[in-house]
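Me: Please take me through this model. I want each label tied to its cut-off.

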Amino acid sequence: MGKMKRYCYGFCLLISIAINILLSINLYVGENNQQTTHRSLLTWSEKAAAEAEEVAAISCSGHGRAYVDGLVFDGQPVCECYDCYGGRDCSELSPGCAADAESGDPVFLEPFWMQHAADSAVVISGWHRMSYRYPDYTTMSEELENYIRKLHSLVGNAITEGRYLVFGIGSSQLLNAAVYALSSENSSSPSNVLASIPFYPMYKEQTMFFNSESFQFEGDTNSWQSNNWTNNMDVIEFVTSPNNPDGELKKSVLGGKTIYDHAYFWPHFTPITGPSDHDLMIFTLSKLTGHAGTRFGWAIIKDKDVYEKVANYISVADLGISKDTQLRVLKLLKVSVEGDGKPLFEFSYNKMRDRWDRLTAVFSKSTRFSIQQRHPLHCNFFNETRLPSPAYAWVKCEREEEDDCGAVLEAGKIIGRSGSIFSAKDRYTRLSLIKSQDDFELLLQRLTELVALENGSIETM
Ligand SMILES: Cc1ncc(COP(=O)(O)O)c(C=O)c1O
């Protein structure tokens, strides 16, 4: 009986070893087979993917980037260094370099896209959409349109149901397309284009540059209102909300035809108090995902006639927007709507809030300089009350004699954009808070030094 039992144990042990060996072989071979099948699916994209990853892996000391389409030196892609950094690998910081806070380049979101490298990369075949048109004979991607509508409904910042969409080369192109579409054709006198000081200078620049018989730039809404000049006049008003440069949520002053420029109406910059429901609203990818270089914007339009005119403007100017651009935007928006938009907007809001916290701490020690007041509002997207965190600080020089604030800051090695560029007084200067982390750190250092001077001590960070 004992012998029988021992045989039985031995047999069971042998079977168990055999099964384990078989399972291990299957696991190893199966995995390898899967990898081979997966790899063998990639034929023409492998080389391009390898090139993209190779260039992206060049660190440039963390103070620059190398790009596939950048210059090549000695067969190697050249590092494009951030401001104040130089050398082949961008490791050399030039001492005493001025902090450049002039432009609204939204590079602050670059780390988010690096964290989402796999999801946001795009592969474009050599034969991708060579035609002028999509199969439905339009020049706009229907799928991209669906994602834009989905994003607005997730964020709750604009009504898109029953509205028309038109894509443009950045929102810049749509600003003038909108002026053209709203200007009255029959009027013997041109439509009057206005905005509220301080305003984004492009409205004036474009309206004057295109020099049309149908519209002319007339300046500030408030002086028109106080002089009662709007009676029987054809008026087109730009309403920038939140405003560039001061971040204020604006409403129409004159109450006539309006173009709502919502470039900054995203949770990074402002609490979302409710969906915008205006006749003509313009948004841009530049300040949403940070891809200003992609040049993509969209208009949301209520009225069919206005929509047709805007669409016709884009068609006559460009025969539509690049299909490569639309593909890239689609990919970026797919990532943007992931997790109901929380990963993107939490990243962007936290980054902006952190910058504002540090900035206000510096300005709180100053009586020479002040920045705009911010007031808390309920944000429907985050479902809590928060302070706005605008893209720009609107700095005022408080000393009577310092009426050229740009020059005062420049003496302190800070480059901003002077108030007069926004048709305001030069006592104000705009400082950009949406550039790279390096740029922001240097800006904060220079501001700290300037404020410390005022308090009689030199403080460095
Ligand atoms: C208020 C406002 N509107 C429109 C634009 C233009 O954006 P883009 O042409 O990059 O879409 C900008 C850019 O800074 C802006 O600040």
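**Labels and their grounds**

Reply: E143, L144, Y147, I148, K150, L151 and L154 of α5 are in contact with Q326, V329, L330, L333, K334, S336 and V337 of α11. Contact here means that C-beta atoms, placed from the backbone, lie within 7 Å. The residues of this contact comprise nine nonpolar, two polar and three charged. Ala, Val, Leu, Ile, Met, Phe, Trp, Tyr, Cys and Pro count as nonpolar, Asp, Glu, Lys and Arg as charged, and the others, Gly among them, as polar. The model is predicted: local features need pLDDT of at least 70, side-chain atom pairs count only at pLDDT 80 or more, and totals for chains, interfaces and linings use all residues. Numbering starts from 1 along each chain as its sequence is written.

Me: Why are α5 and α11 called roughly parallel?

Reply: Helix α5 (residues 142-155) packs on helix α11 (residues 323-337) at about 30°, with the axes 10 Å apart. Angles under 35 degrees count as roughly parallel, over 145 as roughly antiparallel, 65 to 115 as roughly perpendicular and the rest as oblique. The pair is therefore roughly parallel. The α5 and α11 crossing is left-handed: in such a crossing the near helix is turned anticlockwise from the far one by less than a right angle.

Me: What makes a residue part of the shell around the ligand, and how many surround it?

Reply: The C-beta atom, placed from the backbone, must lie within 6 Å. The ligand is surrounded by 13 residues, and the closest are G170, S171, S172, T284 and S286. Helix α6 (residues 170-182) gives the most, with three residues. The shell divides into three nonpolar, nine polar and one charged.

Me: Why does N211 count as exposed?

Reply: A residue is buried if 20 or more other C-beta atoms lie within 10 Å of its own, exposed if 12 or fewer, and partly exposed in between. N211 has 8 such neighbours, so N211 counts as exposed. N211 sits in the loop between α7 and β10 (215-220). Its phi is positive, about 40°, although N211 is not a glycine.

Me: Why is K413 called partly exposed?

Reply: K413 has 18 C-beta neighbours inside 10 Å, so K413 counts as partly exposed. K413 also has a positive phi, about 65°, and is not a glycine.

Me: What is the omega of the cis peptide bond that joins I197 and P198?

Reply: Omega is about 0° for I197 and P198. A cis bond also joins S241 and P242, with omega about -5°. Most peptide bonds are trans.

Methods. Axes are lines fitted to C-alpha atoms, for helices over the stretch in contact, and angles run from 0 to 180 degrees between N-to-C directions. Helices (H or I, at least four residues) and strands (E, at least two) are DSSP runs, numbered from the N terminus. Two residues are in contact if their C-beta atoms, placed from the backbone, lie within 7 Å.
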